[in-house]
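Here is a friendly walk through one protein chain, meant to be read with the sequence and the 3D view open side by side. Take your time and click along as you go.

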Amino acid sequence: MTASSIPVADLRDWQAGGKSRDHFIRTVGESLTDIGFFALASHGIPEELTRRAYEAARTFFHMPRAVKARYHRAGAKGQRGYTGFGTEHARD
């Protein structure tokens, strides 16, 4: 892994079973332990759908803060709705 890349887990490894599945599990586990996320390859989600999802996110996050704040869900602990910049903090 280079400084500008993230780990990639290939779903075909999970589906293949055996040592390939072990590799998938190790990749996911290590990446979540080390940096907290990973990319998933061979998931079958059409590229166009992914592109539209990113565009919807860009559109939402470019809205004024007051508009985004309407989507805040108090009590959801940041798990649902909008959470403004600087309001989430890692434990310890």
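This is a predicted model: local features need pLDDT of at least 70, side-chain atom pairs count only at pLDDT 80 or more; totals for chains, interfaces and linings use all residues.

D10 counts as buried, because its relative accessibility is 16% and the cut-off for buried is under 20%. The residue lies in strand β1, which covers 8-10.

D10 forms a salt bridge with R12, and the closest N and O atoms of the pair are 2.6 Å apart. R12 is exposed, with a relative accessible area of 52%.

How many salt bridges does a search of the whole structure find? It finds three. Besides the pair of D10 and R12, there is one between E48 and R51 and one between E55 and R58.

E48 and R51 have their closest N and O atoms 2.6 Å apart. Both residues lie in helix α3, which runs over residues 47-61, and they are three residues apart, about one turn of the helix. E48 is partly exposed at 42% relative accessibility, and R51 is partly exposed too, at 45%. For E55 and R58, the N to O distance is 3.2 Å. This pair also sits in α3 with a spacing of three residues, about one turn of the helix. E55 counts as partly exposed at 37%, as does R58 at 40%.

## Helix α2 and its two faces

Now turn to α2, which spans residues 18-34. The helix has 17 residues and reaches 24 Å from its first C-alpha to its last, close to the 24 Å expected at 1.5 Å a residue. Which residues of α2 are buried? They are F24, T27, V28 and S31. These four cover an arc of only 90° around the axis, so they lie on the same side of α2.

The cover over these buried residues includes β1, α1 (11-16) and β2 (39-41). On the face turned away from the buried side, you will find the exposed residues G18, K19, T33 and D34. G29 also belongs to α2, and this glycine is partly exposed, with a relative accessible area of 32%.

## A closer look at S31

S31 is worth a click of its own. Its relative accessibility is 3%, which means that it counts as buried. Leaving aside neighbours within four places in sequence, S31 is in contact with P7, G36, F37 and F38.

One of those contacts, G36, follows α2 and has a positive phi, near 95°. Another residue with a positive phi is S42, at about 60°, although S42 is not a glycine. You will find S42 in the loop between β2 and α3, where it counts as partly exposed at 35% relative accessibility.

## A nonpolar patch on the surface

F37, one of the contacts of S31, is also part of a nonpolar patch on the surface. The patch is formed by I6, I35 and F37, which together have about 250 Å² of accessible area. I6 comes from the segment before β1 and is partly exposed, with a relative accessible area of 36%.

## Toward R70

Where does R70 lie? Look in the segment after α4, the helix of residues 65-69. R70 is exposed, because its relative accessible area is 66% and the cut-off for exposed is over 50%. R70 and G81 are eleven residues apart in sequence, and their C-alpha atoms are 8.9 Å apart in space.

Technical notes. Residues are numbered from 1 along each chain as its sequence is written. Side-chain values use heavy atoms; hydrogens and water are left out. Patches are made of residues with over 30% relative accessible area and no salt bridge: like charges are joined within 9 Å, nonpolar side chains (Val, Leu, Ile, Met, Phe, Trp, Tyr) within 5 Å. Accessible areas come from the Shrake-Rupley method with a 1.4 Å probe; for residues, only the protein chains shown count as cover. A salt bridge is a side-chain nitrogen of Lys or Arg within 4 Å of a carboxyl oxygen of Asp or Glu. Buried means under 20% relative accessible area, exposed over 50%, partly exposed in between (1.4 Å probe, protein chains only). Contact means heavy atoms within 4.5 Å. The expected span of a helix is 1.5 Å times one less than its number of residues. The arc is that of the directions from the helix axis to the C-beta atoms.
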